[in-house]
Amino acid sequence: MKTVVIYQSKTGYTKKYAQWIAEALQADLFENSKIKDDEIISYEAVVYGGSLFATGILGLKRIKKLLPSLAGKKIAVFGVGLSPVREDTINSVKQHNLTEEELKAIHFYYFRGGFNLKKLSFIDQTMMKMMKSSIEKKKKAGKLLTEDENEMLEAFNVISDFTDRSAIEPLLSFIQS
């Protein structure tokens, strides 16, 4: 099956997953900006991965726009974020990015990435620092932090990599079935 893996990554964790998937499927691999729409629709299976940013999957709008042209093809989308792989995280990402109708055509997967402040743009670093400050204020005020907020504070000043090659197995099984 002629398969393409397309990705959009801010810090490299999504790219790492895309490379693993492309290697396992013997698929073509492209950064999102390096492939044209007509090339994408020429494939029998399309895998798209994007980093999560403010709960949105980077670049996903493009694949959603192409859905009518991809009808009848295998489509898998994965989002990569810092939060642990939990049902509530997966449901939240799906809810913020895909409609029920889109989920009929797209198989969605969530993979845990990591955090490296230095790999972010100046604007993204500033936004992350603002988020950290907001969480710290909440903590100082004696308010209970969520598990994700606690993990963000712990991860903020260290480079963390939670990528796991075995996490891609369900996606590979779907494409290969």
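**View A. Valine 4 has valine 46 as its bridge partner in β3.** The model shown here is predicted, so local features are described only where pLDDT is at least 70 and side-chain atom pairs count only at pLDDT 80 or more, whereas totals for chains, interfaces and linings use all residues. Residues are numbered from 1 along each chain as its sequence is written, and side-chain values use heavy atoms, with hydrogens and water left out. Strands are DSSP runs of E with at least two residues, helices are runs of H or I with at least four, and both are numbered from the N terminus. Two strands are said to pair if DSSP finds at least two bridges between them. On this basis β1 and β3 pair in the parallel sense over 6 bridges, and β3 also pairs with β5 in the parallel sense, over 7 bridges. Strand β3 is mostly covered, with 7 of its 9 residues buried, where buried means under 20% relative accessible area, exposed means over 50%, and partly exposed lies in between (1.4 Å probe, protein chains only).

**View B. Strands β3 and β4 form a hairpin with 2 residues between them.** Strand β4 covers residues 56-57 and pairs with β3 in the antiparallel sense over 2 bridges. Across this pairing, leucine 52 stands opposite isoleucine 57 in β4. Within the hairpin, alanine 54 takes a positive phi near 55 degrees.

**View C. The largest nonpolar core of the model has 22 residues.** Such a core is a set of buried Ala, Val, Leu, Ile, Met, Phe, Trp, Tyr and Cys residues joined through side-chain atoms within 4.5 Å. Ile21, Val47, Phe78, Phe111, Leu171 and Ile175 have the most contacts inside this core. Two or more residues each are given by β1 (3-8), α1 (13-25), β3 (45-53), β5 (74-81), β6 (107-112) and α8 (169-176), and the largest share, 7 residues, comes from α1. A second, separate core of 21 residues includes Val4, Tyr43, Ile75 and Phe108. In soluble globular proteins, nonpolar side chains tend to be buried together.

**View D. Helix α8 has Leu171, Leu172, Phe174 and Ile175 buried.** Seen down the axis of α8, these buried residues fall within an arc of 160 degrees, so they line one face of the helix; the arc is that of the directions from the helix axis to the C-beta atoms. The buried residues of α8 pack against β1, α1, β3, β5 and β6. Isoleucine 175, leaving aside its neighbours within four places in sequence, is in contact (heavy atoms within 4.5 Å) with Met1, Thr3, Leu25, Ala45, Val47, Lys74 and Ala76.

**View E. Isoleucine 75 is found in strand β5.** Which residues does isoleucine 75 contact, leaving aside its neighbours within four places in sequence? They are Val46, Ile63, Leu67, Leu70, Ala105, Ile106, His107 and Phe174. Isoleucine 75 counts as buried because its relative accessible area is 2%. Although isoleucine 75 and alanine 105 are 30 residues apart in sequence, they are 6.8 Å apart in space, C-alpha to C-alpha.

**View F. Isoleucine 41 lies in the loop between α2 (37-40) and β3.** Is isoleucine 41 buried or partly exposed? At 29% relative accessibility, isoleucine 41 counts as partly exposed. Not counting residues up to four places away in sequence, isoleucine 41 touches Leu66, Ser69, Leu70 and Lys73. The C-alpha atoms of isoleucine 41 and leucine 67 are separated by 9.2 Å, and these two residues are 26 residues apart along the chain.

**View G. The largest pocket is lined by 33 residues.** A pocket, on a 1 Å grid over the protein atoms alone, is an open set of points where a 1.4 Å probe fits, with protein on both sides within 12 Å along at least five of seven lines, and lining residues have an atom within 4 Å of a point. About 860 Å³ of space lies in this pocket, a volume being the space filled by probe spheres set on the points, which are joined across faces, edges and corners. Among the lining residues, Leu52, Ala54, Leu82, Ser83 and Met152 lie nearest the centre of the pocket. Two or more lining residues each come from α1, β3, β5, α4, β7 (114-115), α6 (122-140) and α7 (147-155).

**View H. In α7, Glu149, Met152, Leu153 and Ala155 are buried.** The cover over these buried residues of α7 includes β7, α6 and β8 (160-161).

**View I. Threonine 89 is found in helix α4, residues 87-97.** Threonine 89 counts as buried because its relative accessibility is 8%. Not counting residues up to four places away in sequence, threonine 89 touches Ser83, Pro84 and Tyr110.
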